[in-house]
Amino acid sequence: MHMELNQQDLLSLYETMVLIRRSEERLSRLFADGEVPGFLHLSIGQEAVPVGICAALQAADTVASTHRGHGHALAKGVDLGGFFAEILGREEGLCRGRGGSIHVADLRVGMLGANGIVGGGLPLALGSALAHQVRRTGGVAVAFFGDGAMAEGVLHECLNLASLWKLPLIFACENNGWSEFSPLERQFAAQLGALGNAFGIPAVQVDGSDVEAVRAAANPIVALARGGGGPQILECLTHRWRGHYEGDPQKYRDAGDLADARSRDPLVMSEARIVAMGIPADRIRTLERAVEARIEAAVEAARLGREPDYAAAAADVYTQAVAGDHG
Amino acid sequence: MRPQPPMYIPRLWQATMAETRYGMAINRALADAMQADASVILFGEDVAAPGGPFAVTRGLLAKFGPERVRDTPISEATIAGAAVGAALGGLKPVVEIMFMDFVTLAMDALVNQAAKAHFMFGGQCSVPMVVRTPHGGGLNAGPQHSQCLEAWFAHVPGLKVVVPSNPADAYALLRAAIADPDPVVFVENKTLYSSKGELADAPQPVAIGSARIAQSGSDATIVAYGASVAAALKAAATLAAEGIAAEVIDLRSIQPWDERAVLESVAKTRRLIVAHEAVTAFGVGAEIAARISELAFGGLAAPVLRVGADFMPVPFARSLERECLPGEADIMAAVRRSLDWKPNARIKP
């Protein structure tokens, strides 16, 4: 079921994966240097999932993300400068420094936010799909969620309601095998596909390290949802290379598991195909250097950014400031 | 317990035009808002075909069709969360949580998502949604169907909370809540659904955050909201016969609340009693008492007194529930206590 992708398509997918990988590697170093406040959850190793799925989407489609959401944000096309400025806690950030890594959002491109609550994005995506349906936008919504969210009750509510209302909603599971610090087999007694079957929702499982496979699987699924076929499940089997958070020593993982994860590098797999298609290595390196230059420019701009405006934040608790003291 | 709809249908449909019942005023506000704005949609448990557990949404499915008026499964977390997503997607959802006690199941969507999206995303978006939910006891519905939990939401930056006491305010505040760009928790009192009041053909708007002087007086101020306003007015009437002129302020909005209106009244009376059906401890009355004490300590003739439910789950049996919940007599006692206050310089721990 692989669609034939031309060289340009493949390069474009690869480029976005490089953007995510290099951005997160840069963030990892910035975090180690103390330049990133708070927590940082990286999706290195999982890049093919957001890139493959978002490549099947249109600009007006919407995605709700997770605490491991940098890939979703970048694949959906959020502004790179605003992205880094947000994670460094600057006024110029997408959220004016009020959200940080775990709340990166850009409504202009349909990115409804990373989310600090496991499973929290699921009903948001469902509501977004409802808005697409009622307003006849022709759009679809994607709920990205990890395997850890499969044990959240709200997933089961959402599968049920999305099926009842035939919503244009994609349940995009990034199954990396780890619910924070615990392996999937200790967290979830069912199978997502079987769960979908119970609710009458078609489910497809795909190699989430293979960006072409993800995109090839996502295309018909998105078309089905867009055409009134109701919700769909796309379970992407993927690998988390880093800890739950940066600084997590991952003592709960054995070396074999980590080596196995790294052996399925979506960038290496994609690059091999591009090379096999006859694209010269120096063109690929040029593309990578251009991405790295964009990232460095974004980082430098973010470093020079302003501290967030406290008065503006205080005035933004409500859409219009209200009179009186509220605490 | 989830009641079958017919059990609780109040006599909504027997009122005249001039005298409208509280539940019917809400119904009319929903219908008028949906008529005026195609982006307003309703969903919740049994709100469409059954017409709502208290018959408040009756007739709206027939009028506006199944796309805009939807029954949901019993999935409170998703009802509230979907409202957030729908609001971010350009709709103005009005959702119902059948009993306020069930908001416990919807707290993530309300507290972590709805309340924060505007702020947390740097002002990129607003979340124009309304959660309608009935609170309150008096129906012997027991500990899980009787609570007044509005203080929880007033404590969360980003949420607005309104609690109308009469049909005209219910209409106007619901229209205001639906028009508001921010998430609003619209609290209805179950015992008020069949209460009657005037509702004009073209009702006056009411701004969220504005209180109303329900009765003027100069001796003491009673601040109340929701069903406690009627109790406060009855208490004031009884006290008036004894020559005590109590001023009753119907707060109408809990968050934001009308500090200025309360201060103006207290400047006149120098005595303040806050009455609500919710548990006294850590409640709305505690916040108002603290704030007014901070602003007006030197001018007060007595400490701010609170009247609320005893600190226990709302019990089931008639006698137990009656004793637990505050009423007219408790408010009168508090007013008298305020008037009789003797300053005591010594603090006795």
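**Close-up views of a predicted two-chain model**

View 1. B:Val130 stands opposite B:Val184 in β7(B). This is a predicted model, in which local features need pLDDT of at least 70 and side-chain atom pairs count only at pLDDT 80 or more, while totals for chains, interfaces and linings use all residues. Residues are numbered from 1 along each chain as its sequence is written, and chains are lettered from A and ligands numbered from 1 in the order in which they are written. Helices (H or I, at least four residues) and strands (E, at least two) are DSSP runs, numbered from the N terminus. Strand β5 (residues 130–135) of chain B runs parallel to β7(B), joined by six bridges; two strands pair if DSSP finds at least two bridges between them. β6(B) also pairs with β7(B) in the parallel sense, over three bridges, and B:Lys160 has B:Val184 as its bridge partner. From β6(B) the chain passes through α8(B) to β7(B) in a right-handed β-α-β crossover (with the strands pointing away from the viewer, the path from the first strand over the helix to the second runs clockwise).

**View 2. The two faces of β7(B).** In a regular strand the side chains alternate between the two faces of the sheet. B:Val184, B:Phe186 and B:Glu188 on one side are buried, as are B:Val185, B:Val187 and B:Asn189 on the other. A residue is buried if 20 or more other C-beta atoms lie within 10 Å of its own, exposed if 12 or fewer, and partly exposed in between, with C-beta atoms placed from the backbone. Because six of the six residues of β7(B) are buried, the strand is largely enclosed by the rest of the structure.

**View 3. Helix α4 of chain A.** Eight of the eight residues of α4(A) (residues 80–87) are buried, so this helix is largely enclosed by the rest of the structure. Among them are A:Phe83, A:Phe84 and A:Glu86. The cover over the buried residues includes α1 (7–32), α3 (70–76) and α11 (281–303) of chain A. Just after α4(A), A:Gly89 has a positive phi of about 75°.

**View 4. Where chain B touches chain A.** The contact takes 40 residues from chain B and 41 residues from chain A; two residues are in contact if their C-beta atoms, placed from the backbone, lie within 7 Å. On the side of chain B that touches chain A, α4(B) gives the most, with nine residues.
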